[in-house]
Amino acid sequence: MMGVRERDYELIDDRRSVVSLRNGAAGDEVNCLTLAGLGVPEPMGQQAYEDQLAARAASTLGEGWTVRRAVIRSMRSPLPGTARMPARVLTTSGAAVRRMAGAALYPRRGLVHRLDLRVPPAPGAEVVTVHDAVSWRFPDEAVPPLAAVAEVQRARAVVCPSQFTAGELAQLLGVRDPVVIPNGVAPECFSARQLGDRELAAVGVRRPFVLHVGGCGLRKNLSSLATAWEEVRSACPETALVLVGPADRRRTALFAPLAGTVLTGRVSPELRTRLMASAAAVVVPSVYEGFGLPAVEAMAAGAPVVAARRSSLPEVCGDSALLVEPTPGSLALGLVDLLRSPTAAAELAERGRARASDYSWDVSAAAHAELWRRTAR
C-alpha cells in the first residue's frame with residue numbers, strides 16, 4: 001500500500017490504548033464510541049467543541065457504553081496525544097492509504113466520531129463533524145485531504161453547528177440531510193467578572209475599549225475593521241481597540257500603525273472571557289462563520305455585540321446583536337452608535353445574555369448522544 005507500514009500508526013502514549021485501538025482485545029464492544037481529533041498547537045473554537053463534547057460523552061451516554069478519545073498528531077510533533085501518524089496521511093494521501101490508517105487506528109467494532117476531517121476514516125460506522133466549508137471557500141484556509149468529500153459523503157451521519165453550514169455542506173460537498181446541533185457556551189462565560197483597572201493595565205488595556213477575539217484569515221474581515229477603526233477612533237478618541245489572538249503578521253501590519261490599538265496576543269481562556277465582560281462592545285466583522293462561538297461567548301459574558309450580517313451570525317445571534325453589513329462604514333457606524341448610547345448598549349447586552357442561555361454544551365452533548373445511539377444500531 002504505497003509503502004505504508006503498520007509501525008507508521010504506532011500508538012505510543014498508553015499501552016492499554018494499543019490493545020484496545022489496534023488489536024481489538026478491549027475495543028470490540030458494540031457500544032464503543034471513539035472520539036477522534038487532532039492535537040493542535042493553538043486551540044481555537046473547534047477544540048472547545050471537541051473538549052466540551054469529550055468531557056460529557058460518557059456521562060450523557062450512560063451505562064453500557066465505553067468512550068475513548070483518539071488524539072492524533074504527526075510523527076515528530078511535541079504535542080500530547082494518543083497516536084502518531086505521518087503528516088502525509090493527514091493531508092495528501094489518497095483514499096486507500098487513509099482507509100488503511102483508519103483500520104490500524106480504530107477498534108474493529110463500535111462507532112467512530114471524527115471531529116476533524118484530517119483524521120483518517122473509520123473502517124465501520126462513523127459520524128463526522130464539519131464545522132464549516134471555509135476550506136472550499138477561501139484560498140488562505142487549510143486544504144482538506146484529497147479524499148475528504150468522498151469520506152464525508154460515506155459517513156452515516158454528518159454533524160454541523162448551524163443551518164447555514166448545513167446548506168453549505170449540501171451545496172458544496174453533496175451531503176444529504178446533515179444533522180444540525182448547535183455549539184454551547186461554557187458556564188464560566190455567564191459568571192465572568194469584569195477586570196479591575198489594575199488588571200486591565202497589566203495587559204496594556206484601559207477602559208473604554210472595543211474587543212475583537214479570533215484569527216486573522218481573510219474571512220475574518222480584519223481589513224474592513226482596520227479601516228472602520230480610524231473612523232471610530234475619530235468619533236470616540238477615548239476608546240481603544242483590543243485584539244486578542246495568536247501572533248500574526250497580517251494583524252500586526254493592519255493594526256499596529258493605528259492609534260488606540262492594543263494587540264495582546266494569545267491570552268488564557270479566563271482572561272479572554274473577562275475581557276469580554278469588561279468590553280464596551282465586542283465586534284465580530286467576519287464575512288464567514290460556521291457558528292460564531294466568540295459572538296455567543298461575548299453575549300454570555302454580558303457584552304453588547306456588533307456582528308456582520310453574514311453567514312451563520314444572523315441565525316445564531318438573532319436580534320440580540322447589532323447586525324451590520326461587513327463594510328468599513330457600516331462597522332464604524334454600528335460601533336459608534338453603541339459607544340455613544342450606553343442605554344442602548346445595556347439593553348442589547350441584556351438581550352444577548354438571554355440569547356446565549358439558549359446554547360448549552362449539556363444540550364449539545366445530549367443531542368450528540370441521541371445521534372450516536374441511533375447511528376450505532
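This is a predicted model: local features need pLDDT of at least 70, side-chain atom pairs count only at pLDDT 80 or more; totals for chains, interfaces and linings use all residues.
Residues are numbered from 1 along each chain as its sequence is written, and side-chain values use heavy atoms, with hydrogens and water left out.

Over the protein chain, pLDDT averages 91, and 92% of the residues score at least 70. The chain contains 17 helices and 13 strands; these are DSSP runs numbered from the N terminus, helices being H or I of at least four residues and strands E of at least two. The radius of gyration is 22 Å, close to the 21 Å that the globule rule gives for 377 residues, so the chain is as compact as a globular protein of that length. That radius is taken over C-alpha atoms, and the rule is 2.2 Å times the number of residues to the power 0.38. Along the principal axes, the C-alpha atoms fill a box of roughly 65 × 40 × 40 Å.

I turn now to two helix pairs. Axes here are lines fitted to C-alpha atoms, for helices over the stretch in contact, and angles run from 0 to 180 degrees between N-to-C directions.

Helix H10 (residues 222–235) packs against helix H15 (residues 328–340) at about 40°, with the axes 8 Å apart. H10 is therefore oblique to H15; angles under 35 degrees count as roughly parallel, over 145 as roughly antiparallel, 65 to 115 as roughly perpendicular and the rest as oblique. The contact includes Leu225 and Val232 of H10 and Leu331 and Leu335 of H15. Its residues divide into 10 nonpolar, two polar and two charged.

Helices H13 (residues 293–300) and H16 (residues 342–356) have axes that come within 7 Å and cross at roughly 115°, and are therefore roughly perpendicular to each other. Val296, Met299 and Ala300 in H13 meet Ala349, Gly352, Arg353, Arg355 and Ala356 in H16.

Finally, two backbone details. Where is Pro208 found? Pro208 is in the loop between helix H9 (197–202) and strand S8 (209–213), and a cis peptide bond with omega of about -10° joins Arg207 to Pro208. Asp177, in the loop between helix H7 (163–173) and strand S7 (179–180), has a positive phi of about 55° although it is not a glycine. Most residues other than glycine have a negative phi, and most peptide bonds are trans.

Note on methods. Contact means heavy atoms within 4.5 Å. pLDDT is the predictor's confidence in each residue, from 0 to 100. Ala, Val, Leu, Ile, Met, Phe, Trp, Tyr, Cys and Pro count as nonpolar, Asp, Glu, Lys and Arg as charged, and the others, Gly among them, as polar.
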